[in-house]
Amino acid sequence: MNKNERLHALKILTCLLTEKSSLSQLMTPTAEVSPMTKEICFGVCRHYFRLQAIAGYLVQKKPKEIEVWVALLIGIYQLHYMQQPDYAVVQETVALLGKIKKTWAKGLVNAVLRNFCRQHEEILQRLNQDPQFVYGQPQWLLNRLQKNWPRDWQAIAHANDERPPMVLRVNIQKNSLAEYLNILKAQGIAAEAHPVAPEGIILATPCDVHQLPGFAEGWVSVQDGAAQLAASLLSLKPGLRLLDACCAPGGKTCHILEQEPNLATCIALDVDERRLQRVQDNLNRLGLHATLKQGDALTPSVWWDGQPFDRILLDAPCSATGVIRRHSDIKLLRNDEEIDKIIHIQQEMLECLWALLAKGGLLVYATCSVMSEENEQQIAHFVANHPDCTIIKEPWAWGRATEHGQQILPGEQSMDGFFYAVLLKDRK
């Protein structure tokens, strides 16, 4: 392994902890991040609270210098989770301190890592009494999971730390699912049809997208099965006016157009102009067209032409607690106070966008959250205050039916955690 890969991981993780930047922001396609650096970064985030407990057992006081702390966690992660050779890990981790001009900490890091090598069985046995170590989640998240899902919180915590499958969405404008499965088989790529998503395929082993047959030509996209369900819930047909609010990075927008290319209008809205470029890139690769608009869903007067929409997809900002297995840095970037702010924004968006929906139209509310406050309770509150709103409920073969929607928990039916509610605006 290139010595700079550990240094790169240290710099990324330090930036994440100090600036609260996400790994996706810090690992842009132009950043040239190696597979080993990605493994260390995502792994340290995934097991941060376990690594913190181990380090806390071995040091009397947490180092004030954040880079030294991160170096310790990187070292412990490689020793415990990656099962790298003790001597190499200790030597290379200590060498990192010279590269970041923290030579004073070499003795500390060397002693801590060597002590872990000698005492790891005893340390792990003692820490197995600590719930935060056992479940590997921040305490605020454990508290909310226990409150929201008293029978399932342990399974959710476990699923959050699993490595998710790589799921594809076949572009049915190019190939059928069966045809693409045969193409993969001919290329020696093991895969199977998704148990729920009609256009979904689960790869036996994740791979680089450019290894996928026809990827550049738009035959297939990467999208979790739960996210693929949104398009079918919109009851699409030709001639409809559709709004995809909060559309970036554009996976659902593209899927909508793959399923129904003859919409009268498809407006893809997002507040972030830079993220809209990614939406356009995805549309270009797939050979699709949508009207991209930069704007805030809370201020429609700035971007709306006044014509009601027949369909609205509100993929609402949320805690993202249903996709932690894919984005392990969520454990470090979210906090309890943020949830209340997010809930308020969701309420405002529902109010604003409902006014833009035509009578007889459908609004699909979606989050990648497992929190009832953002999902079931949010929709219950909205319906109670809107007599012209009816919830469409069907016996869907996925997720768990709630009174006001359908909840998927992480890992169920090979999917991420998601919530959907289909709202019909009365014609009267």
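**Starting point**

Before looking anything up, I noted what counts as a helix here: a DSSP run (H or I) of at least four residues, with helices numbered from the N terminus. I also reminded myself that this is a predicted model.

**Entry: K252**

I went to K252 and found that K252 sits in helix α13. Is K252 buried or exposed? I take buried to mean under 20% relative accessible area. K252 has 13%, so K252 is buried. Then I looked up what touches K252, skipping neighbours within four places in sequence. My list is Q223, A227, A230, D244, L313, D315, F418 and Y420.

I checked UniProt for a "binding site" next, and the unreviewed entry has one covering C246, C247, A248, P249, G250, G251, K252, D270, D296 and D315. So where does C246 lie? I found C246 in the loop between β5 (241-245) and α13 (251-259). The relative accessible area of C246 is 18%, which means C246 is buried. With neighbours within four places left aside, C246 is in contact with L269, D270, L314, D315, P317 and M349. I spotted D315 in that list, and D315 is also among the contacts of K252.

**Entry: C368 and the active site**

For "active site", the unreviewed UniProt entry lists C368. I traced C368 to the loop between β9 (357-367) and α17 (376-384). At a relative accessible area of 18%, C368 is buried. Which residues does C368 touch, not counting those up to four places away in sequence? I wrote down C318, A320, T321, G322, V323, G417 and F418.

**Entry: the domain**

I looked for a domain in UniProt, and the unreviewed entry gives residues 156-426 as "SAM-dependent MTase RsmB/NOP-type". I noted that this span is 29% helix and 24% strand. The C-alpha atoms at the ends of the span lie 37 Å apart.

**Entry: S232**

S232 is in helix α12 (residues 225-233). With 42% relative accessibility, S232 counts as partly exposed. I also looked at S232 and A197, which are 35 residues apart along the chain. Their C-alpha atoms are separated by 9.5 Å.

**Entry: α4 and α7**

Now for helix packing. Two packed helices are described by the angle between their axes and the distance between the axes. I looked up helix α4 (residues 48-58) and helix α7 (residues 106-127), which pack at about 115 degrees with axes 10 Å apart. I call an angle of 65 to 115 degrees roughly perpendicular, so α4 and α7 are roughly perpendicular to each other. Their crossing is right-handed. On the α4 side I listed A53, I54, Y57 and L58 as making the contact. On the α7 side the residues are V112, N115, F116, E122, I123, L124, R126 and L127. By class, I have nine nonpolar, one polar and two charged residues in this contact.

**Entry: α3 and α5**

What angle do helix α3 (residues 35-46) and helix α5 (residues 66-80) pack at? I found about 100 degrees, with the axes 10 Å apart. This pair is therefore roughly perpendicular. E39, I40, G43 and V44 of α3 meet L73, I74, Y77 and Q78 of α5. Sorted by class, the contact has five nonpolar, two polar and one charged residues.

Terms used
Residues are numbered from 1 along each chain as its sequence is written. This is a predicted model: local features need pLDDT of at least 70, side-chain atom pairs count only at pLDDT 80 or more; totals for chains, interfaces and linings use all residues. Side-chain values use heavy atoms; hydrogens and water are left out. UniProt positions are given in the numbering used here, feature names are shortened, and annotations may be inferred rather than shown by experiment. Helices (H or I, at least four residues) and strands (E, at least two) are DSSP runs, numbered from the N terminus. Buried means under 20% relative accessible area, exposed over 50%, partly exposed in between (1.4 Å probe, protein chains only). Contact means heavy atoms within 4.5 Å. Axes are lines fitted to C-alpha atoms, for helices over the stretch in contact, and angles run from 0 to 180 degrees between N-to-C directions. Angles under 35 degrees count as roughly parallel, over 145 as roughly antiparallel, 65 to 115 as roughly perpendicular and the rest as oblique. A crossing is left-handed if the near helix is turned anticlockwise from the far one by less than a right angle, and right-handed if clockwise. Ala, Val, Leu, Ile, Met, Phe, Trp, Tyr, Cys and Pro count as nonpolar, Asp, Glu, Lys and Arg as charged, and the others, Gly among them, as polar.
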